[in-house]
Amino acid sequence: MGKMQNLNRRGFLRSSLLGTAGALIGTEAIGSSIRNIKKEPLIIRRKLGKTGVEIPIVSFGVMRSDNTTLVKAAMDMGFVHFDTAHGYQEGRNETMLGELFKTVPRSSFVLATKVAPDDIDRRTGEMGPGATKESILAKFDLSMQRLQLEYVDILYLHAVSARKVALAPQFLEALSELKKQGKVKFVGMSTHQNEADVIQAAIDSNFYDVVLTAINFKHSQAELLKEKIALAAEKGIGIVAMKTMAGAFMDKERQQPINCSAALKWVLQDTNITTAIPAILTYDQMIQNFSVMENLELNEQEKADLEEAKLVAGLYCDGCKLCVQECKKHLPVNEYMRAYMYTYGYRNYENAYAVLDTIAETSDPCRDCDACTVKCPKGFHVAERIGDVSRLSDIPRDLMV
Ligand code: SF4
Ligand code: SF4
């Protein structure tokens with residue numbers, strides 16, 4: 001970890017415990033020791049496509065962080081790009097960032113947020129009457145109130161899984177209008193299903209500046225994705241990576257963690273990828289991810305850890321959807337598997353509930369099926385996992401979230 005050990009970790013932890021006054025003192029203490037790191041010339045930075053923005057290769061996925069002290073410490077350490085979304089923590093995530101960002105110069109951070117279109121069938125990409133330009137604009141307006149900013153650097157259309165959604169005229173119009181108004185500098189899409197098609201749509205559109213895509217060493221279409229990423233980068237589209245930790249654990253009991261530094265390095269060794277946005281919840285995660293910014297070389301142990309992790313089924317479902325056709329009931333097995341990963345890998349019950357909310361069948365739909373016909377290429381026992389995760393629907397969410 002080298003220079004990072006110079007950080008006043010005890011001061012940081014104390015600040016977390018002392019509340020507001022203590023937090024300010026702690027942040028200053030961290031700031032003074034972190035400033036040396038900020039000048040560190042070895043942080044690898046890359047250009048975000050043709051946007052002209054240059055950022056460190058590791059960014060801060062704010063998603064589940066509710067702690068301005070942690071985010072401020074990250075800024076002092078050298079993190080520049082922060083990623084949130086309209087829906088994270090039911091809006092509290094953007095509000096928290098807004099409180100912090102009003103205290104720092106606008107030029108000291110690059111902010112991305114996301115707005116999900118309404119009324120879209122996740123399974124088919126079919127859009128209903130609610131999938132309008134107006135709904136995008138209204139959500140964005142609320143995001144800006146929470147963020148208390150004049151503009152965001154990147155606005156993504158959130159969770160796009162079909163070409164027709166990526167190219168829907170009403171969404172392009174909404175994004176285009178916000179860009180013309182100066183409320184959004186660059187427009188993009190995020191995708192964690194059918195990513196290759198969505199990236200190809202971004203390339204064909206001549207519209208999108210940035211794509212935020214899932215990619216990791218356990219993704220079954222990693223090679224195809226890397227080809228598409230290369231094509232997009234050639235066209236000047238900035239590529240941001242997510243889901244880099246492939247579920248974070250190999251087992252539901254969380255006894256076998258994935259080597260997250262190695263997984264992050266594996267993604268960032270592709271120079272067509274500008275940066276990655278791993279979710280950061282703790283000071284230790286922040287330090288660990290920061291260390292990757294200096295050196296992307298995988299040591300022998302890290303290589304071995306990734307090879308070992310590739311051999312087990314793990315928790316990461318990359319949404320290939322082969323299972324949907326094979327299931328006798330045509331269940332959205334991929335969606336259940338995503339909820340399973342959020343539940344057992346990331347302990348992110350909010351996202352798990354959000355996925356389960358989109359599925360009509362809530363209690364275990366496999367219980368009356370005599371034999372499972374699904375053969376997941378990753379080796380998931382999908383019926384067992386559906387049984388496990390669908391139980392979440394029976395637990396009042398205020399007990400979990
Ligand atoms: S459960 Fe398996 S077959 Fe289904 S989408 Fe996930 S990886 Fe593909
Ligand atoms: S056990 Fe469940 S997932 Fe498997 S075929 Fe039956 S309904 Fe589909």
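**Entry 1: terms and model**

I count Ala, Val, Leu, Ile, Met, Phe, Trp, Tyr, Cys and Pro as nonpolar, Asp, Glu, Lys and Arg as charged, and the others, Gly among them, as polar. The structure I opened is a predicted model, where local features need pLDDT of at least 70 and side-chain atom pairs count only at pLDDT 80 or more, while totals for chains, interfaces and linings use all residues. Residues are numbered from 1 along each chain as its sequence is written, and chains are lettered from A and ligands numbered from 1 in the order in which they are written.

I looked up the pLDDT, the predictor's confidence in each residue from 0 to 100. The protein chain averages 89, and 89% of the residues score at least 70. Over residues 1–37 the pLDDT is below 50, and this stretch has 47 contacts in the model beyond near neighbours in sequence.

**Entry 2: ligand 2**

I listed the residues near ligand 2 (C-beta atom, placed from the backbone, within 6 Å). I found 14 residues around ligand 2, and the closest are Cys327, Cys366, Cys369, Cys372 and Ala383. By class, this shell has eleven nonpolar residues, one polar and two charged. Helix α15 gives the most to the shell, with three residues. Helices (H or I, at least four residues) and strands (E, at least two) are DSSP runs, numbered from the N terminus.

**Entry 3: ligand 1**

I then turned to ligand 1, which has 15 residues around it; Cys317, Cys320, Cys323, Asn334 and Cys376 come nearest. The elements giving two or more residues to this shell are α12 (322–326) and α13 (333–345). The largest share, three residues, comes from α13. I sorted the shell of ligand 1 into ten nonpolar, two polar and three charged residues.

**Entry 4: α13 against α15**

I checked how α13 packs with α15 (residues 382–390): the angle is about 60° and the axes are 9 Å apart. Axes are lines fitted to C-alpha atoms, for helices over the stretch in contact, and angles run from 0 to 180 degrees between N-to-C directions. The two helices are therefore oblique to each other, as angles under 35 degrees count as roughly parallel, over 145 as roughly antiparallel, 65 to 115 as roughly perpendicular and the rest as oblique.

I noted the crossing of α13 and α15 as left-handed; that is, the near helix is turned anticlockwise from the far one by less than a right angle, and clockwise would be right-handed. Val333, Tyr336, Met337, Ala339, Tyr340 and Thr343 of α13 meet Val382, Arg385, Ile386, Asp388, Val389 and Ser390 of α15. This contact holds eight nonpolar, two polar and two charged residues.

**Entry 5: α4 against α6**

I looked up α4 (residues 133–147) and α6 (residues 169–180), whose axes come within 8 Å and cross at roughly 40°. The crossing is right-handed. Lys133, Ile136, Leu137 and Phe140 of α4 touch Gln170, Phe171, Glu173, Ala174 and Leu178 of α6. I counted six nonpolar, one polar and two charged residues in the contact of α4 with α6.

Notes
Contact = placed C-beta atoms within 7 Å.
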